[in-house]
Each structure stands twice: as C-alpha cells, then as structure tokens.
Amino acid sequence: MEETEIGEVIGSSNTEFIAESSLLHNPPPFGSFIKVDGREPIYAVVINAYTHSLEPNRLAIAYHRSEQELRDEQPQIFELLKTKFEAVIIGHEQDGTIRHRLPPQPPRLHSFVHTCSPIEVRRLTSQLQFFRFLLTVEKAPREELIAGVIRAAYAVRDGERSFLVHAGKELVRLIGDDYEMLSSILHRIQD
Amino acid sequence: MRELRRRVGVVVNGSLVAGLEMKLDEWYSVEDIRAGKFVVIEGEKSRFFCMVIDVRLDATNPQVLADPPSEEDELIRQVLHGSATYGTVCLRPLLMMDKDEVVAGHGDPHLVKTIPVHFSVVCEAEEEDVNQVFGSEDMGTQFFHIGRPLDMETPICIDLESFVERSNGIFGKTGTGKTFLTRLVLSGLIHSNRAVNLIYDMHSEYGWQATQEAGNGRGSFVKGLKQLFGSRVSIFTLDPESARRRGIQSDFNVKIPYNQITVEDIASLSEELNLNPTAVESAYLIVNRFGREWLSELLKQDPKDIKDFAEHVGAHPESISALHRKLKRLEKFDFLQERVSEDTVYKILEFIDKGVHIVLEFGQQSSFLCYMLVSNILTRRLHDQYVMKTERFLSTGKPQDKPKQLIITIEEAHKFLNPTAARQTIFGTIAREMRKYFVSLLIVDQRPSSIDDEVLSQVGTRITSLLSDEKDINAVLTGVSNANWLRSVLASLDSKQQALLMGHAVPMPVVIRTRDYDHVFYSAMGAVEGEALAQKAQSNIADLFGDR
C-alpha cells in the first residue's frame with residue numbers, strides 16, 4: 001500500500017529541492033530521510049523547514065489568541081499559511097540499487113514526497129559516504145544536521161551501538177582535522 | 001593456509017635501512033604486540049619475515065591529544081580508536097623469500113634486499129613460517145629445539161652444525177637463567193653428537209643434579225648431563241671429597257703436577273695473585289735455571305734461604321721473596337702435586353677421542369684463582385695437542401685423523417677474556433683463531449662489556465637473556481651489523497626464561513621463551529626415568545638371564 005505523501009516538490013535543483021508540506025505546521029523532522037517519487041526515486045535529507053504567509057507582501061501578525069480560539073474565530077487565516085521544507089539530495093535508486101550520488105536529473109516539480117520506511121533508511125545508511133553531501137550544507141548547523149541524521153538512522157536499528165561507532169569512524173575520515181566539530185557531533189549522538 | 005593467518009595491520013611507511021612502519025588494525029590491541037614478536041608481510045612478489053622492534057601510539061590530529069575524551073565518553077573513545085588514534089608498529093624486515101618459492105615449497109629465505117610495497121598486509125607468523133626460517137627437528141638432528149617464540153607454540157631451532165663451527169656466547173645478568181640455557185645448549189650438543197664438550201664447571205651444576213631457579217617446579221632438582229646421557233658424559237673432579245658428599249661417582253680425579261705450570265699461567269693470574277710485572281720477570285729467571293721444575297724448586301725454599309736462592313738464579317732477593325710468598329698460596333690446593341700417576345690432559349684427550357663429554361667439577365675449589373689456574377693449564381696443553389692433531393690431519397688428509405670438534409665451556413669468561421687477559425691466556429687465542437684447530441669456546445658470562453672487543457666480534461652465535469647495563473648491551477651487540485634496533489628488544493626481555501638468539505646458528509635474530517628443562521625434555525634427550533626405567537631394567541635382566 002502506497003503511503004500518503006507528506007509534500008509536493010515546488011522547486012528543485014540537482015543538489016536540493018523545496019517541497020510544500022501536505023499538513024500545515026507538520027513538515028518531516030529535521031534530519032529525517034525522505035524520498036521523491038518517480039521512475040527512479042530520489043533520496044534526500046530534510047535540512048530546513050519553515051511556515052509563512054502565502055502572499056509575499058503580507059506578513060503574518062500576532063493575534064494574542066490560542067490556536068484553538070483562532071481556528072474558531074478566524075479559520076481563514078490558516079488557509080493563508082503554508083509550511084515548506086528543504087532537503088538536500090543524498091542519492092537515488094537505479095535498477096533497484098541505491099546509488100549514493102547525485103541523480104542525473106533533478107526531482108520533477110509536483111512530484112510527491114514520502115518519508116522513507118525503516119527498511120529504506122537501513123538500505124540508505126548501509127553506506128555513509130553521503131555525509132559528504134551534508135557537510136556542504138550552509139542553511140543549517142552542520143553538527144546538528146549530521147547528528148540528527150545519525151540519530152534517525154540509529155532509530156531504525158534497535159540500539160545497534162556498533163552503527164554509532166561505524167558512523168563516528170566515517171566522520172573521523174571526513175572531518176578528522178576538525179576535532180571540535182567531530183567531538184560535538186559525537187556528544188550529540190551518545191545515548 | 002593463507003586465510004588462517006591473523007591480520008595485524010598494513011605497511012604504511014619505511015625504508016630498508018630504517019625499518020618499516022605498520023598501521024595496526026583497529027581490532028588488534030596494541031597491548032598484544034610485544035617487542036620481539038615474529039610477523040610475516042605478504043608483499044607483491046616476496047614474503048618478508050620481520051621482527052617487531054617498537055610500538056608507538058599515534059594520532060592523526062594533535063588536537064585529540066590536547067583534549068582527550070573523558071572516561072565516560074565511551075563512544076568517542078571507541079570511534080577514535082583505530083581511526084584518529086591508532087597504534088604504529090615498527091618492524092625490522094630480516095629475511096625474504098620469493099613467493100613462487102613459497103608456493104613451490106622449496107628455497108631458503110635470504111637476507112632482505114628490498115621492502116614490501118605500500119599497504120602490504122602484515123600477518124602473525126604461523127608454524128610453517130617459523131619452520132621455514134628456523135628449520136624443525138623433523139628436518140634432521142642438526143636442528144635443536146631451544147625454545148618457542150613469545151606468542152606461539154612452534155619450536156624454534158638452532159642449527160647446531162653452524163653453531164659448533166664458531167665460538168659462541170651465552171650472556172645475561174645474574175639470575176636470568178644463563179646456567180639453565182647453557183645446560184640446554186650442552187644437552188643439544190651432546191644429544192646431536194656434533195661436538196665433544198669440555199665443561200669447566202665452576203659451581204658443579206652441570207654434571208649432576210642442580211636446583212631449578214625458575215619456571216614450573218622452582219626449587220626442585222633438575223637432572224645434570226651425566227644423569228641424562230649416562231656413559232656419554234663423564235665427570236672429572238678437582239675435589240673428590242665434595243663429589244663424594246654429593247653422592248657423585250666421579251670418573252677421574254684431576255691432579256696437576258707443578259711442572260706443568262708455566263710462567264704464562266702464573267702471569268695470567270697476576271691480578272688474582274696480586275703479582276707485579278717484576279715478579280713475572282723473576283719467575284722467568286727461575287725457569288732459566290731450573291726449567292720445568294721452577295715452581296716446585298721455588299716453593300721448596302725455606303723463607304730463610306730465599307736470599308741465597310735469589311742469588312743463585314740471579315734475581316733480586318726482594319722480588320723473589322714476594323713471588324715466593326704469593327705463590328705459596330698455590331700449595332694449599334690439594335690437586336697440585338709434585339708427581340701424578342696419570343696425566344689429566346691425556347686422560348681428557350682419551351675421552352674426547354672416544355666422543356665422551358667431560359664435565360670438570362671444581363667442588364669446593366671454586367675460587368677464581370683455582371678456576372683460572374686449572375682451566376688455563378689444561379686448555380693450553382689441550383690446545384697444543386689439538387694443533388698437533390690438526391697438523392697431522394692436514395698432512396695425511398685421512399678422515400680418521402680428523403680431530404673431533406671440541407667445545408670448551410668457560411664461565412665467568414670475562415676473567416679470561418678481558419682486554420689484558422685475552423692477549424695472555426690461551427682462551428683469547430682460541431676465541432680468535434676460531435675453528436681452524438677444531439676447538440671453539442662456549443663463553444658464559446654476565447659481564448660481556450669486560451670481554452675484549454676483538455674476541456666478542458668473533459663470537460658466532462649469541463644467546464642473550466636480560467641485560468640492563470648499557471655497556472653490556474653494547475658489548476653483546478658488538479660485531480652485529482646495524483644492531484641498534486636490537487637494543488630495545490634486549491632491554492625488554494623478561495628476567496626469566498626469555499632470551500634473544502642471534503648470529504651464525506639462526507638465520508635471523510629472534511626472541512624465545514626457552515624450552516622447559518623438565519621430564520618432557522629428558523625423554524626427548526633419550527633419558528629413561530621412573531616407571532620406564534624400571535621396565536627397562538626388567539627387560540635388561542630378562543635379556544641377560546632369560547625369563548624366570
């Protein structure tokens with residue numbers, strides 16, 4: 001059974017894309033794994049999410065009511081808000097195998113976005129070279145992002161601690177010369 | 001076979017002269033790497049046999065060392081281990097062998113002339129590697145199992161054929177098992193029959209039983225050579241009383257006539273007897289007058305008549321008086337006599353010709369003076385006899401005239417072979433001229449730094465247990481080329497039952513745990529004991545008298 005989509009691509013490039021969340025205030029979690037539907041699905045990691053007004057020159061204003069009161073009194077304002085999220089592409093599927101490299105074409109606009117199933121997360125994170133993509137991200141604090149990704153991958157592994165060590169060692173290879181960043185990530189992923 | 005090998009790491013750096021560096025695999029604990037460990041590198045075309053000489057902790061980033069993870073940061077420690085922080089092992093390649101030859105199962109390892117390519121895999125050595133390098137007892141009696149590598153159960157053998165060709169040394173601080181090693185080596189030599197041994201046994205610990213100082217059964221008695229090899233070993237003694245007290249049946253009581261003592265013998269004892277050079281010169285004057293009987297003539301003199309005696313020989317009275325006084329000490333040795341019924345040297349030669357090994361026990365006469373005097377006198381004459389025998393052999397060329405290879409074991413060798421003595425005593429000559437006359441030395445000593453460099457450089461095989469004095473370590477490494485790296489190995493030996501073998505009889509230096517000198521060893525040497533002995537006795541009785 002196909003899962004319901006969590007969003008729709010509204011802007012894309014070879015390295016990242018923007019999607020509009022299906023539910024207001026409910027984007028996929030920061031650092032979680034998502035995929036874009038298509039003949040050859042594209043995998044990505046959520047690096048940013050935000051909610052804003054539909055009209056660019058009309059800012060949301062404070063009403064000093066609780067959300068429930070607002071929904072009762074002025075339901076229309078929620079129709080004017082949108083939640084969007086941004087994701088960095090970490091790989092794609094080709095002939096049934098996951099390739100940890102950029103897809104030849106960017107995700108198509110209006111494609112649906114899904115969260116990855118635990119099995120897909122395990123497959124995706126069986127190799128961790130994609131950390132390199134995350135290190136180029138500038139829109140989010142990289143320590144937080146990588147720690148979030150490792151936690152998400154660890155969550156589908158029933159406390160398999162050796163995965164944390166393996167991920168840590170991959171990081172040493174990538175950012176061994178930046179011990180501060182390395183240890184701050186490692187501190188974040190310790191249980 | 002190759003899949004069974006346990007990986008240790010990969011080669012990352014190095015040179016032929018300075019040695020190789022290996023990055024230790026993360027799953028291999030640095031604490032399992034011991035200096036002296038034997039490892040094998042699978043190169044592209046050759047297999048290299050190496051020894052671990054140093055282990056070092058390294059980090060890719062110095063910042064890690066400045067801010068080490070705390071004890072609670074278990075994950076960080078695990079992550080850093082083997083990646084940002086790792087062990088580096090320094091290896092010394094010693095021998096190499098073509099891989100084709102390895103596969104074909106023939107060919108001998110030869111000295112390294114190159115180094116393996118980058119990232120060659122380093123593995124723990126296996127039994128077949130050890131056998132390939134050191135040979136095994138199955139390959140013939142010339143190989144004698146002397147011990148095992150530090151972390152393996154495969155026997156390491158020395159090649160006795162090469163061993164007996166040169167003078168050899170057993171060195172080590174006191175209490176590190178020199179006597180034990182010597183007994184082991186002597187057993188091997190006797191068992192294999194490669195050479196006849198003459199052992200100057202200062203403390204009477206080789207011939208009959210002695211107490212064990214270490215290992216299993218510490219404090220118990222271990223068998224002596226006579227007990228192990230029976231009639232192939234005979235015990236000569238200088239002190240029949242002591243032998244009797246210890247319940248030993250000696251084969252010959254050594255007596256030495258005064259006329260066999262030469263001035264050279266006395267001169268080499270000048271330190272022990274506190275003689276000055278003038279005394280030696282005076283002694284020559286007496287020899288001029290009385291010839292071989294000089295010593296008995298001198299000792300016969302009453303102190304009152306010394307002046308006349310000095311005038312008679314033309315020497316200074318004071319000097320002769322001092323010489324007389326000092327040499328009087330010799331009179332208290334019971335084994336020195338005016339006349340003897342049987343000449344010890346001829347007796348020794350007779351035994352040697354029969355291939356019987358001789359342990360000469362000193363019993364209570366274990367002073368340096370006595371030890372040096374007796375061993376000098378006997379060895380000098382033995383050497384003369386051997387020179388004659390060799391010359392006869394060289395002139396006739398008949399195999400039956402070939403003298404039996406003789407190995408003389410001396411303890412406290414630095415007394416004989418220190419730079420001054422080595423030029424005077426016969427042992428210096430033997431050590432230098434080596435195998436030319438079929439006589440070589442087995443030098444047992446705790447102070448190799450006091451031994452003459454020239455002698456040390458001629459020592460073929462060195463078996464060294466722990467030495468801590470820098471001077472002694474340097475001395476032991478004299479004559480070993482490029483030996484600096486062995487220093488750390490030598491200093492890190494255990495004080496018991498470990499030794500470094502290097503030199504002529506082993507293809508590469510190696511650290512061993514010495515073989516246990518126990519019942520297993522006794523039976524390997526062919527000794528029969530306990531129940532087996534009773535059975536053998538029964539069957540001998542049956543053979544002699546028939547079944548009753």
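Reply: Strand β11 of chain B (residues 196–201) runs parallel to strand β18 of chain B (residues 357–361), and 4 bridges join the two. One residue pair can be picked out here: B:Asp201 has B:Glu361 in β18(B) as its bridge partner. The model is a predicted one.

Both strands belong to an open sheet of 12 strands in chain B, with the order β9-β8-β23-β22-β21-β10-β20-β19-β11-β18-β14-β15. The pairing in this sheet is mixed. Its edge strands are β9 (156–159) and β15 (252–253) of chain B, each of which pairs on one side only.

Strand β7 of chain B (residues 121–124) pairs with two strands that can be taken in turn. Strand β1 of chain B (residues 7–15) runs antiparallel to β7(B), joined by 3 bridges. Strand β3 of chain B (residues 38–42) also pairs with β7(B) in the antiparallel sense, over 4 bridges. B:Val121 of β7(B) takes part in both pairings: B:Val10 stands opposite B:Val121, and B:Val121 is also the bridge partner of B:Glu42. In general, side chains in a regular strand alternate between the two faces of the sheet.

Now for the side that touches the neighbour. In chain B, 12 residues are in contact with 12 residues of chain A. On this side of chain B, the elements giving two or more residues are α1 (62–66) and α2 (74–80) of chain B. Helix α2(B) gives the most, with 5 residues. By type, the residues on the side of chain B that touches chain A comprise 6 nonpolar, 5 polar and 1 charged.

Methods. Residues numbered from 1 in each chain as written. Chains lettered and ligands numbered in written order. Predicted model: local features only at pLDDT ≥ 70, side-chain atom pairs only at ≥ 80, totals over all residues. Pairing = 2+ DSSP bridges. Contact = placed C-beta atoms within 7 Å. Nonpolar A, V, L, I, M, F, W, Y, C, P; charged D, E, K, R; others polar.
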